[in-house]
Amino acid sequence: MHRNKLIDVLAQYRRRHPEESTATITRFERLVARQPRCFERDCFDDGHVTGSAVVLNLAGTAMLMTHHAKLGRWLQLGGHADGETDPLAVARREATEESGLAVRPCCTLPLDLDIHAIPARGGDPRHFHYDVRFLLQVEASEAFKTTAESLALAWVPLADVETVTREESILRLVRKALAFPRDD
């Protein structure tokens, strides 16, 4: 089954983060187990899987944030799976598409899981994104290219992210990035 890999990743995440709310992890597991179309962006009844990431600069001190064109808010890079069943591949693809940067994973397991409501827009009804979030780092150049998906891109020092957003899910993501073990 094409969903088994994500089910395994969610089980590993649960074991690695026993302190986290089991409600979020359980909702993820239920979606993936019962919804064969969970990787498709038009799976609105139950919601669908997305992939996103904290993209770190070379020094690991700042993250690339997007001033999202549709939502008008500062967010991490990421987007829809569009049928891709590997959320890490989704996060890498979206980071590269949205910035032009070559990125590599700091870890193959998710840094965070988040479920958030997306308001109705155009022909799409209100629905949920089941966001699998990773920690990525640029491979070489930090020179990004802004695309039509963003009003702007900016390297924001991790310690200053709360000056651009007060959104708790992003601040939680940054706290986890700051706590992630580094090779020094």
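1. Terms first. The model is predicted.

2. Overall make-up. The protein has four helices and eight strands. Starting at the N terminus, the order of elements is α-α-β-β-β-β-α-β-β-β-β-α. The radius of gyration is 16 Å, close to the 16 Å that the globule rule gives for 184 residues, so the protein is as compact as a globular protein of that length. Along the principal axes, the C-alpha atoms fill a box of roughly 40 × 40 × 30 Å. Of the 184 residues, 45% are buried.

3. The largest pocket. Empty space can be found by rolling a probe the size of a water molecule over the atoms. The largest pocket has a volume of about 850 Å³. Its lining counts 33 residues, and those closest to the centre are His68, Leu71, His80, Ile118 and His129.

4. What the lining is built from. Which elements each supply at least two residues of the lining? Five are strands: E1 (48–56), E2 (62–68), E4 (77–80), E6 (112–118) and E7 (127–138). By class, the lining has 13 polar, eleven charged and nine nonpolar residues.

5. The aromatic pair. A ring pair is described by the distance of the centres and the angle of the planes. This structure holds one such pair. The ring centres of Phe28 and Tyr130 are 5.3 Å apart and the planes stand at 85 degrees, so the pair is edge-to-face; the cut-off for that class is over 60 degrees. Phe28 belongs to helix H2 (residues 22–34) and Tyr130 to strand E7, so the pair ties together parts that are 102 residues apart in sequence.

6. Phe28 has 0% relative accessibility, so Phe28 counts as buried. Tyr130 has a relative accessible area of 4%, so Tyr130 is buried as well.

7. A charge over a ring. Arg27 places its charged end over the ring of Phe128, 5.2 Å from the ring centre.

8. A backbone point to check by eye. Asp82 has a phi near 50 degrees, a positive value in a residue other than glycine. Asp82 lies in the loop between E4 and H3. Its relative accessibility is 41%, so Asp82 counts as partly exposed.

Notes:
Residues numbered from 1 in each chain as written. Predicted model: local features only at pLDDT ≥ 70, side-chain atom pairs only at ≥ 80, totals over all residues. Heavy atoms only, no water. 1 Å grid on protein atoms, 1.4 Å probe; cavity = no way out; pocket = protein on both sides within 12 Å on 5 of 7 lines; lining within 4 Å. Points joined across faces, edges and corners; volume = space filled by probe spheres on them. Nonpolar A, V, L, I, M, F, W, Y, C, P; charged D, E, K, R; others polar. Phe/Tyr/Trp six-rings, centres within 6.5 Å; stacked < 30°, edge-to-face > 60°. Buried < 20%, exposed > 50% of the residue type's maximum accessible area, 1.4 Å probe, protein only. Lys NZ or Arg CZ within 6 Å of the ring centre and 35° of its normal. Rg over C-alpha atoms; globule rule 2.2 N^0.38 Å.
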